[in-house]
Amino acid sequence: MAVVESPAAAPEAPPTFRDGVRAGVPFAVAGGLVAMSFGVLADTAGLSPLAAIVMSAIVYAGSAQFTAVAIVAGGGGVGAALAAAALINSRFLAMGAALGPSLPGNAASRAAQGQTVVDASWALAGRGDGTFDRNLLFGSSAIQYVTWVSGTTVGALGGDVLGDPENFGLDAIYPAFFLALLTSEARGGRPLGVAAMGAAIALALVPVAPAGLPVLAASLAALVGLTRSARAAALSRSEP
Amino acid sequence: MSTTVALIGGCALVTAAIKSVGPIALGGRELPDWFSSVVVLLAPALLAALVVTQALADGDRLAVGPETAGVLAGGAVVFKTGSIIGCVLTAAALTAGLRALG
């Protein structure tokens, strides 16, 4: 999966937590900027700075936070906001299922470890053979958590000074961030084809399905992996 | 319970529950071959879907805007240089610039 240069490339030295932190830095910087715009949105939606900061600290799921706050700000009910947040987060069902077999411990411990999944940490932690490295997952998630909460704090307290985040193009940061991750994931013909298929599924569903569902449905494109040639390729990759 | 507490608490619970399902259900198991070969392709599928739904969709309709151009330019930067920061800053700067002009 993710191409993380120095730490993951050296098989004799498994990545440490610090390697994970280092790999997560660029995504943490970008995430901090997005978090600032969340803080501003929360402020304009009438949430107190403390509420916005607490939300980032205990939810830690960017797109779900944006969606839920925007719905309430637009006059929607809490039930509708939570339903939309659940749909937006539904991709974590697929990510969690992929990660599950790599997590040791009892059910409660695995559930706790699963909380560290955010898009970038999950992608960075993938070893490319279907398993995940926990140090890369925890380290990259930790640094992103720090900037997520601190960025929210800056946005929530300084919203009046910062103005409309769209004036700074901050809404382009999230998709650009995912595109950067994608360029390291989709190397080779099959991953590129699956990416194109996932994009097509999502776009086809945007006009007819509630937000969040198109992204979850795109995971169906990965079922290409069930074809005989894909399984043979995966098998040869996992051999020493 | 105030709306804010219900919103934040509910959002936290919903997110934690969703993130727990996979690790609880599938934790500590041996990976069958077919599972690994699907998992390695999940990231490109999900990431591509996240990119297009955020760069090309506005609510439930498809739309091309300044951010679409910004994301494309960011993509070119990361493809050429491998710089993630360069990618997101280019995307933001071009989007902001086009908005200022438009």
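Tyr60(A) is buried, because its relative accessibility is 9%; buried means under 20% relative accessible area, exposed means over 50%, and partly exposed lies in between, with a 1.4 Å probe and protein chains only. Tyr60(A) sits in the loop between helix H3 (49-59) and helix H4 (62-73) of chain A. Helices here are DSSP runs of H or I with at least four residues, strands are runs of E with at least two, and both are numbered from the N terminus. The phi angle of Tyr60(A) is near 50 degrees, a positive value in a residue other than glycine.

A word on the source. This is a predicted model, in which local features need pLDDT of at least 70 and side-chain atom pairs count only at pLDDT 80 or more, while totals for chains, interfaces and linings use all residues. Residues are numbered from 1 along each chain as its sequence is written, chains are lettered from A and ligands numbered from 1 in the order in which they are written, and side-chain values use heavy atoms, with hydrogens and water left out.

Now chain A as a whole. Chain A has 13 helices and 0 strands. It has 240 residues, and 52% of them count as buried. Its accessible surface comes to about 9500 Å², with 67% belonging to carbon and sulfur atoms; such areas come from the Shrake-Rupley method with a 1.4 Å probe, and for residues only the protein chains shown count as cover. Take the contacts in chain A between residues at least 6 apart in sequence: 70% of these join residues at least 24 apart. Contact means heavy atoms within 4.5 Å.

One residue to look at inside chain A is Arg91(A), in helix H6 (residues 91-99). Is Arg91(A) buried or exposed? Arg91(A) counts as buried, because its relative accessible area is 3%. Leaving out residues up to four places away in sequence, Arg91(A) touches Ser63(A), Asp119(A), Val215(A) and Leu216(A), and also Leu46(B) and Leu50(B). The side chains of Arg91(A) and Asp119(A) are joined by a polar contact of 2.7 Å. A polar contact is a pair of N or O atoms within 3.5 Å; within protein, one must be able to donate a hydrogen and the other to accept it, and residues adjacent in sequence count only if both atoms are side-chain atoms.

Next, the interface. The contact takes 94 residues from chain A and 66 residues from chain B. About 6600 Å² is buried between the two chains, and carbon and sulfur atoms give 80% of that. Buried area is the accessible area, with a 1.4 Å probe, that two parts lose on being put together, summed over both. Across this interface there are 11 residue pairs in polar contact, both at pLDDT 80 or more. On the side of chain B that touches chain A, at least two residues each come from helix H1 (3-26), helix H2 (33-56), strand S2 (61-62), helix H3 (66-81) and helix H4 (84-101). H2(B) gives the most to that side, with 24 residues.

How many salt bridges are there between chain B and chain A? The count is 1 salt bridge, a term for a side-chain nitrogen of Lys or Arg within 4 Å of a carboxyl oxygen of Asp or Glu. Asp171(A) and Arg99(B) form this salt bridge, at 2.7 Å from N to O. Asp171(A) lies in the loop between helix H9 (134-162) and helix H10 (173-185) of chain A, and Arg99(B) in helix H4 of chain B, so the pair joins two chains. Asp171(A) is partly exposed, because its relative accessibility is 26%. Arg99(B) is partly exposed as well, with a relative accessible area of 23%. Asp171(A), Arg99(B) and Glu67(B) are linked in a network of salt bridges.

Over all chains the count comes to 6 salt bridges. Among them is Arg127(A) with Asp133(A), where the closest N and O atoms are 3.6 Å apart. Arg127(A) is partly exposed at 48% relative accessibility, whereas Asp133(A) is buried at 7%. Another is Asp58(B) with Arg61(B), the closest N and O atoms being 3.6 Å apart. Here Asp58(B) is partly exposed at 46%, and Arg61(B) is partly exposed at 48%.

Last, the surface. Leu220(A), Leu223(A), Leu226(A) and Trp34(B) make a nonpolar surface patch of about 390 Å². Patches are made of residues with over 30% relative accessible area and no salt bridge; like charges are joined within 9 Å, and nonpolar side chains (Val, Leu, Ile, Met, Phe, Trp, Tyr) within 5 Å. Leu226(A) lies in the loop between helix H12 (213-218) and helix H13 (228-238) of chain A, and Leu226(A) counts as partly exposed because its relative accessibility is 39%.
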